[in-house]
Amino acid sequence: MCGIVAYIGKQPAFPVILKGLKRLEYRGYDSSGIALFGDMVNTFKKKGRVAELEAWDEEIISTATVGIGHTRWATHGEPSDANAHPHSSNSGRLTLVHNGIIENYASLKQELVQKGYTFKSETDTEVLVNFIEDIQINNNSSLEEAMRIALKRVVGAYVIIVMEEGFPNRLIAARKGSPLVIGVGEGEHFLASDASPIIEYTKKVIYVNDYELAIITPDEIILKNLGNETITPYIQQLDMELAQIEKGGFDHFMLKEIFDQPGSLTDCLRGRLDMENLTLTLAGVEEHMSVFSQAKRIIIVACGTSWHAGLVAEYMIETLCRIPVEVEYASEFRYRNPVVGEGDVLIAISQSGETADTLVAIEKAKEAGAFIFGVVNAVGSSIARLSHSGAYTHAGPEIGVASTKAFTAQLTVLAMMAIKIGREKKTVTESEYNRYLAELALIPEKVKAVLETHESIKEVAKHYADARDFLFLGRGYNFPVALEGALKLKEISYIHAEGYPAAEMKHGPIALVDENLPVLFIATKDAYYEKIVSNIQEIKARKGMVIAVISEGDTLIRGMADHVMVVPEVDELLAPLVSVIPTQILSYYIGVLRGLDVDKPRNLAKSVTVE
Ligand code: F6R
């Protein structure tokens, strides 16, 4: 999340940084800013896309040859001019850009407030720049030393690049967790979150490692560790073309986002799941726990993929919390004069946080007295603001129109909610609670294991790229995965696809089955396994083609199906988090094989802001 670019050298810095930020907009695009060294540090920052920065003063931008820039995907504080980076310290001596999250920012801020520091923004970044300044003042130390001390106390992930008044020919950068690449030029250096802003100037790069500090002038790069020992920089040759790295080396944003999932799920769990103390922290739920534990019922409203996440949540919440759940299409709910009021909790699920139907559904329920909880990816979005409380999914910007990593992050947040509320209501025992936490912690690794099988899924795709129709079947927790698989396939490949609960097949859809119809079963090991096996036999008896998502070690279905896609075994509550991955990969490859623009399928938009 967030992109950073910096330049120090001999050419005007502004155009280099501006162009670089545009390349990094996929990392976030709710606000942006640049600071340049002239006679003093000048900063220009705006809410909105990077292009807004083109309106900056001509004189400032034409002369400066040193600067830092940032394009933001909000985490702390909504998108606004004030929350945009760069941020300066109270004295104005330090200015920095930051990519990452400072998890202990609240306690650091409290310390600084007591010392008289004031803040113009709601960001963790403004806390960090003042924290560094405070150390510098108290210890009468250099910026470099103050950064070393500060970063030892900071919890979280960061890349920062800092400018200091009085040192116009030097930038200092540091990283832990978030990426930083330095481009090595002749009398000039480039810094960025990935190589895309650098590649047109130089192919010589240094990847900065965690806990390293880089002191950079136009002619020199000094790398040090936090113990102040100098490290010899390892200069690598970029073996990539510009077009590739804009998508992080992937052919499409959709594929990149599918592969992002081990990381995005880790981000979603970060600061919430603590396996050392066996705790699950979800502030938005905790602060309103009595509302949840006393809820007469929970209504979930959403659209599309987010609605499918809602269906999984229905299974999770009813099983773990014993609260009745209704899952509604937001577009239907808003128009049908629903019976809703006090004592009801309405959970709105949305990646963009701007979906028009979901917004209106919330407004209606809120007016009627329901408590609104938002499960949203885009920080500061309308749905997040309209909710009484909520939990962000922290999946990072999703640019491919087909939702992939947002879906799995939604499932993760919803699972955490169900586990937490169930424990409070004592409908989840302590041993179940501990088991679920342990399972959750393993999910990113299990998703990674599925991604590693992508080549074999590509082979499966080759057999079905010319299909005209597809049927997706699943039961229990995997029934919504069947719906999601069908949606993904139809939007990416334009193949007609339908999802059904497997047992419903006999009530109509089985009439479609012949030797030309691929039927994809989500058939992982769970309580319905035997029943699914019977359903597969029924399809085979009618000469249908069977593709199955199966659990590792399942030889029975492997022997029956035409093709299988294998996933690690997972508790059935969390099974959708891994069983959906092969369907995402399959849809992607089928779309690509059909020569389609998988990132921007026809007629669709990423954010549906009209009803
Ligand atoms: C499908 C897809 C859509 C969205 C739907 C809701 O891949 O992306 O079905 O899930 O438009 O959007 P959000 O979650 O932004 O409210």
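Me: What do the side chains of Arg-423 and Glu-430 meet in?

Reply: Happy to start there. A salt bridge is a side-chain nitrogen of Lys or Arg within 4 Å of a carboxyl oxygen of Asp or Glu. Here the side chains of Arg-423 and Glu-430 form one, at 2.8 Å from N to O. Before going on, note that this is a predicted model, in which local features need pLDDT of at least 70, side-chain atom pairs count only at pLDDT 80 or more, and totals for chains, interfaces and linings use all residues. Residues are numbered from 1 along each chain as its sequence is written, and side-chain values use heavy atoms, with hydrogens and water left out.

Me: How many salt bridges does the structure hold?

Reply: There are 28. One of them joins Glu-144 to Lys-224, with the closest N and O atoms 2.8 Å apart. That pair links distant parts of the chain: Glu-144 sits in helix 5 (residues 143–153) and Lys-224 in strand 13 (residues 221–225), 80 residues apart. For such labels, helices (H or I, at least four residues) and strands (E, at least two) are DSSP runs, numbered from the N terminus. Glu-144 is buried at 16% relative accessible area, and Lys-224 is buried at 15%.

Me: Which residue does Asp-267 form a salt bridge with?

Reply: Its partner is Arg-270, and the closest N and O atoms are 2.7 Å apart. Asp-267 is partly exposed at 27%, and so is Arg-270, at 40%. Salt bridges can also link into a network, as Lys-19, Arg-23 and Glu-200 do.

Me: Which residues come nearest to the ligand?

Reply: A residue is near a molecule if one of its heavy atoms lies within 4 Å of it. Of the 15 residues around the ligand, Ser-306, Ser-350, Ser-352, Thr-355 and Glu-491 come nearest. Polar side-chain atoms lie at these distances from an oxygen atom of the ligand: 2.6 Å for Ser-306, 2.4 Å for Thr-355 and 2.5 Å for Glu-491. The protein covers 89% of the 410 Å² of accessible area that the ligand has on its own (Shrake-Rupley method, 1.4 Å probe).

Me: Which helices and domains supply the shell around the ligand?

Reply: Domain bounds come from an automatic or database domain assignment. The chain is divided into domain 1 (3–243), domain 2 (250–452) and domain 3 (453–599). The shell draws at least three residues from each of domain 2 and domain 3, while helix 11 (304–321) and helix 18 (479–493) each supply at least two.

Key: Buried < 20%, exposed > 50% of the residue type's maximum accessible area, 1.4 Å probe, protein only. Polar contact = N/O pair within 3.5 Å; in protein donor to acceptor, adjacent residues only side chain to side chain.
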